[in-house]
Amino acid sequence: MATRRTPMIAGNWKMYKTEAQAEEYIQGLLPRVSSTSGVDIAICVPFTDLRAMVDSARGSRVEVYAQNMHQEPEGAFTGEVSAAMLSELDVGGVVLGHSERRELFGETDKVLALKVPAALTAGLTPILCVGETESERESGDTERKLRHQIGEDLTGVSDEQLVDVVIAYEPIWAIGTGQVATPEQAQEAIAFVRALVGGRSPEVAERVRILYGGSVKPENAAELLALPDVDGALVGGASLDPRSFAEIVAAAQR
């Protein structure tokens, strides 16, 4: 019998919302998810919103995550923040390796192999993003890309820690494009990621949560979340509206 995994819905705000806008948002979201059960909820907000959102969400079902962090505990790294800085604010986790960080800011698998264990050591839940480009999918390289990312990015994580990592499969061609992987594509890729984890530990593979990300909306959430290996969603644009985000959360209840 398969282990029951608690679904997770995480909203990635990207570079949206001032502190005032974030406060308005959280007041609109909290009543809509207050009676939710059986699903973990996180909002991944800009650094400047973290303290306000942690304070406003305290005692609720909503956890607050950061969108990035540096792998070193401190140092001459202008513009960066450390895991300890996030932990001190009671931030619950952090998104690592999002395709925008990889493509626009040069984040490498070598760096992620340091960031993921640093987050875990600080008590943060890492959401590790993996996924292929459109050209890689068209050339049949999806599995090669996923095998490389999972292998490299989790190399510094022990099997005992691995269960605390959340993996988000995001086909890059579906992020912010309106395109969505078909249910068959999403299930196939996420089942492959689970099999890669299973290559290290079959037990952990049954327990680790793997999310789908890529133009998730209230209209398609239920179908995607019903897939056997999909344990939730990393939501982009639809997470910026509290009503649509709450609808996706509701679709994850099992």
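Which residue forms a salt bridge with D159? I began my notes with this pair and found that R200 is the partner, the closest N and O atoms being 3.0 Å apart. By salt bridge I mean a side-chain nitrogen of Lys or Arg within 4 Å of a carboxyl oxygen of Asp or Glu.

Before going on, I noted that this is a predicted model, in which local features need pLDDT of at least 70 and side-chain atom pairs count only at pLDDT 80 or more, while totals for chains, interfaces and linings use all residues. Residues are numbered from 1 along each chain as its sequence is written, and side-chain values use heavy atoms, with hydrogens and water left out.

**Salt bridges**

I placed R200 in the loop between α9 and α10 (202-207) and D159 in helix α8 (residues 159-162), so the pair ties together parts that are 41 residues apart in sequence. Helices (H or I, at least four residues) and strands (E, at least two) are DSSP runs, numbered from the N terminus. R200 is partly exposed at 35% relative accessible area, and D159 is partly exposed at 29%; buried means under 20%, exposed over 50%, and partly exposed in between, with a 1.4 Å probe and protein chains only.

My search of the whole structure gave 16 salt bridges. In one of them the side chains of D231 and R5 meet at 2.8 Å, N to O. D231 lies in the loop between α11 and β8 (232-235) and R5 in the segment before β1 (8-12), so this pair joins parts that are 226 residues apart in sequence. D231 is buried at 0% relative accessibility, and R5 is buried at 8%. I also saw that R5, R194, D229 and D231 are linked in a network of salt bridges. E107 and K115 form another bridge, at 2.3 Å from N to O, with E107 buried at 10% and K115 buried at 5%.

**Nonpolar cores**

Next I looked up the largest nonpolar core, which has 74 residues, and in which I9, I43 and Y212 have the most contacts. Helix α9 (residues 183-198) gives the most to this core, with seven residues. Such a core is a set of buried Ala, Val, Leu, Ile, Met, Phe, Trp, Tyr and Cys residues joined through side-chain atoms within 4.5 Å. Apart from it lies another core, of 12 residues, among them M8, Y65, I127 and V166.

I then turned to the largest pocket, with a volume of about 450 Å³. Of its 16 lining residues, M15, Q67, N68, R101 and F105 are the closest to its centre. Helix α4 (residues 99-105) supplies the largest share of the lining, four residues. A pocket here, on a 1 Å grid over the protein atoms alone, is an open set of points where a 1.4 Å probe fits, with protein on both sides within 12 Å along at least five of seven lines, and lining residues have an atom within 4 Å of a point. The second largest pocket holds about 250 Å³, and K14, G176, G236, G237 and A238 lie nearest its centre among 18 lining residues.

**Backbone**

Last, I checked phi, knowing that most residues other than glycine have a negative value. D90, in the loop between α3 (83-88) and β4 (93-96), has a positive phi of about 65° although it is not a glycine. S215 likewise has a positive phi, near 60°, and sits in the loop between β7 (209-213) and α11 (218-225). D90 is partly exposed at 48%, whereas S215 is buried at 12%.

Key
Points joined across faces, edges and corners; volume = space filled by probe spheres on them.
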